[in-house]
Amino acid sequence: MDKKDFAFDKVNYILLAVGMIIVVVGFLLMTGPASTDTSFEPDIFSARRTKLAPVVCLFGFVSMIYAVVRKPKN
C-alpha cells in the first residue's frame, strides 16, 4: 500500500491526539466537589467550572475537527 492511499498522515494523528488531550484537560477542569442534599457547595459556580473548562473543551473539539479536515501534504 502506498502512502498516498491513506487519508491521514503523521501530523494529522498528532494533531488529533493533542486535541483529545485538550478535551480531557477541559473535562478535568470541570470536576470538583458536588453539592449534596444536606450541604451546598458554592464551588459548582466557580469561573473555572462554568467558563474556563467549556472554552478549553471547545478549543479541543475545534482542533480535532481541524486535524480531521487538514489535507496531508504530498
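The questions and answers below concern a helix and the salt bridges of a predicted model.

Residues are numbered from 1 along each chain as its sequence is written. In this predicted model, local features need pLDDT of at least 70 and side-chain atom pairs count only at pLDDT 80 or more, while totals for chains, interfaces and linings use all residues, and side-chain values use heavy atoms, without hydrogens and water.

User: How far apart are the end C-alpha atoms of helix α2 (residues 47–69)?
Analyst: Helices are DSSP runs of H or I with at least four residues, numbered from the N terminus. The expected span is 1.5 Å times one less than the number of residues, so the 23 residues of α2 should span 33 Å. The distance between the end C-alpha atoms agrees with this, at 32 Å.

User: Which residue is in a salt bridge with arginine 70?
Analyst: A salt bridge needs a side-chain nitrogen of Lys or Arg within 4 Å of a carboxyl oxygen of Asp or Glu. The closest N and O atoms of this pair are 3.2 Å apart. The pair links distant parts of the chain, 61 residues apart, with arginine 70 in the segment after α2 and its partner in the segment before α1. That partner is aspartate 9.

User: Is arginine 49 buried or exposed?
Analyst: Buried means under 20% relative accessible area, exposed over 50%, and partly exposed in between (1.4 Å probe, protein chains only). Arginine 49 meets aspartate 43 in a salt bridge (3.7 Å, N to O). Because its relative accessibility is 15%, arginine 49 counts as buried.

How values were computed
Helix = DSSP H or I, 4+ residues; strand = E, 2+ residues; numbered from the N terminus.
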